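This report describes selected features of the structure shown below.

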There are 2 protein chains.
Amino acid sequence: MKQILYFILSIIFIILLLDTSSAQQKVERWGRFEVLLKHTAPGNGFSDVNLSATFTGKDTSVVVSGFYDGGNVFKIRFMPQQIGTWNYTTSCNIPELDDKKGSFECIKTTGNNHGIVRVSETYNFKYADGMRYYPFGTTIYAWTHMAQGLQELTLKSLKNASFNKVRMCVLPKNYGLVLEEPELYPFEIKEVVKDEKGKEKKVWDFTRFNPAFFRHLEKRIDDLSQLGIESDLIIFHPYDNGRWGFDGMTNEVNIRYIKYLTARMASFRNIWWSMANEWDLVKQKTHDDWDLLTKTVVASDPYRHLCSIHGSTANYYEYWKPEFTHVSIQDEAPVLNPGAAAILRNVYYKPIIYDEVGYEGNLTSRWGRYSPEEMTYAVWMGVIAGTYVTHGESFMFKNEKDTIFWAKGGEF
Amino acid sequence: MKQILYFILSIIFIILLLDTSSAQQKVERWGRFEVLLKHTAPGNGFSDVNLSATFTGKDTSVVVSGFYDGGNVFKIRFMPQQIGTWNYTTSCNIPELDDKKGSFECIKTTGNNHGIVRVSETYNFKYADGMRYYPFGTTIYAWTHMAQGLQELTLKSLKNASFNKVRMCVLPKNYGLVLEEPELYPFEIKEVVKDEKGKEKKVWDFTRFNPAFFRHLEKRIDDLSQLGIESDLIIFHPYDNGRWGFDGMTNEVNIRYIKYLTARMASFRNIWWSMANEWDLVKQKTHDDWDLLTKTVVASDPYRHLCSIHGSTANYYEYWKPEFTHVSIQDEAPVLNPGAAAILRNVYYKPIIYDEVGYEGNLTSRWGRYSPEEMTYAVWMGVIAGTYVTHGESFMFKNEKDTIFWAKGGEF
């Protein structure tokens, strides 16, 4: 009788054990763990709540910022880089969100998860799991601001291509050939006014983000991750020209935007920070502004994702500054002939990516009319020099369904 | 009678006036004024006497270091950059050399004196008088260490050529094809010992300079000045390899050497400081050493002569550091094809001088066998890109009288 009792107790004990361990959430190494806290936001949930959490693993602690996701939901996201148990404790100026504790189990990677990409051996890249990463990128600057169907087509095209990096903008693009109005905006609309010409103009509440905008962007970055594609995410760009005003926000807003973006998305392993596309063409920002904003990104990113800044043709930033992990340049001169691309390796002692050398296409513009052979030649000139060259496609055919992949995506 | 008296007094007065004004020494703008003080040196005149002078002109004061020139003679040299009267007062830890006063008159330039060469419009150069200076240099690394007759021949050759800059080493050179023992050494010989192989080896007194060595160098730099040639003076180099040990001196000695060199020669308007030829091949010096020594040169030079550092092929220093007025590079890659030379302008925002792209010559070495056409092509590739390329000649003919101009000078 006693033996039967022991047996039953053992069974119960085992069931309990299995139960608690299955209750313990499991997250892949370089995957994403999310803490979700519900609380009726007092005032402005974006600006009035300072939420963070300390995650403690076997031998490291990491402090990450939380963010308000709208609808009285606060989130804290974390990318574990070590296998094992991680415990967390929240810290918040709102007592109900403070000192919340929990834990999760970080487990081995599966599938195409090779971890975050980092600089390796001065000039090259490796995934965190040690696998080499050779960037062969293309550009789809405004793809997440196009119609949903086009976005799906872009993903299908990328799935059938071999690119493993895309340059893409967080903010919508207003530029010749790319004039589509986006469905979502990063900020709440305060009001819609009419300018002197009677044209509608949105006035933003720069203290309130639009979580739907960022959730959509996150979904697309996860879609790319599924395809094994790194997202070289462009934080600022000059292609606005007063249409939305996102190129001319004050630094107070710029910094708030960076902190919100990094709190939401630094835990996405396939993100690189590109401070700007054509930084020097953003006329509202000074050189000191770029230094400040770059330092803000680096300080707000607990994982130290790859970070660089891209200028207009032959406008080089001071890539020797420690914030920049690699050199992201627009310049065709180094890839026009053999022997030149390597020069910049010797200057900077960092990986060199020629992130814009012109586009394979049939536009009349100087930048958009390489033949496929010329584009391949340019890429080859970089590769044989131990550097990397980003592809770009700017074919525009008469078919009305065609879009220019360069900025909109679609079909190659 | 009274009128005659007045007349005689006037004559005397005029004579006195003329006399005092002729007693007032006259020095051309960007010329050299020298204070000579005699005093029996107590102990070691090089290290035990701290002599300087403050020169005060119309609206500036400049403090310059003095130096011991041997034979109980102390000197202070000064290059005035403003026309007008300059007064000076010495300062010294030896009372007999302290608080000596005097003055001189700085007058307009004559002849080919256009002043010190400075950076102009970011990428270019001008003499201080506003005349453009386009550097077209050649190299005669060890010419001042060759036999006197050869040095005279070199000057004759330069007079008939059109080069306006030469790269030349302060210290003697021990290198394949350049093995001549110099007549003069920069330091006093303490003793001559024999090494294990019975070979004589000089032991230097690194606390005592050899003024004759420096006087000779100064004469040669003045000779070049007469020809309108800038002296790109190489302070350190790796071509010693234990023969004299000048590449492996301690930093205490290196700094003393820099201070002595600059005290003697910063007042020579046609000097540029080249911290090194092939800095990275000087195995005894760390990168931090080069930073320290460069800062020492800049701090010891009251006129801020042009200053750079030269590495072995494609070994670039951090030319963005403020000590470097321009970029002095050994690299042929930028001048092999059109379009590449300008890249470095965009990187550094300083004048770019490709100070070694290979040599026009008939040596078997890779670096010494350009045809004249190839050399001209390389120079042209630099010039059309808004940069500057230094020539070099390494023809070696069977005639025993021939020397390789590259390092020894002689005839082109």
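## Terms and basis

Two strands are taken to pair if DSSP finds at least two bridges between them. Helices (H or I, at least four residues) and strands (E, at least two) are DSSP runs, numbered from the N terminus.

This is a predicted model, in which local features need pLDDT of at least 70, side-chain atom pairs count only at pLDDT 80 or more, and totals for chains, interfaces and linings use all residues. Residues are numbered from 1 along each chain as its sequence is written, and side-chain values use heavy atoms, with hydrogens and water left out.

## Sheet in chain B

In chain B, three strands form an open sheet with parallel pairing, in the order E17-E18-E20. Strands E17 (327-330) and E20 (388-389) of chain B lie at the edges with a single partner strand each, so one side of each has no neighbour in the sheet.

Strand E18 (residues 352-356) of chain B pairs with E20(B) in the parallel sense over two bridges. Ile353(B) has Tyr388(B) of E20(B) as its bridge partner.

## Confidence in chain A

The average pLDDT (the predictor's confidence in each residue, from 0 to 100) of chain A is 94, and 94% of the residues score at least 70. Residues 18-22 of chain A fall below 50, and beyond near neighbours in sequence this stretch has one contact (heavy atoms within 4.5 Å) in the model.

Terms used:
Chains lettered and ligands numbered in written order.
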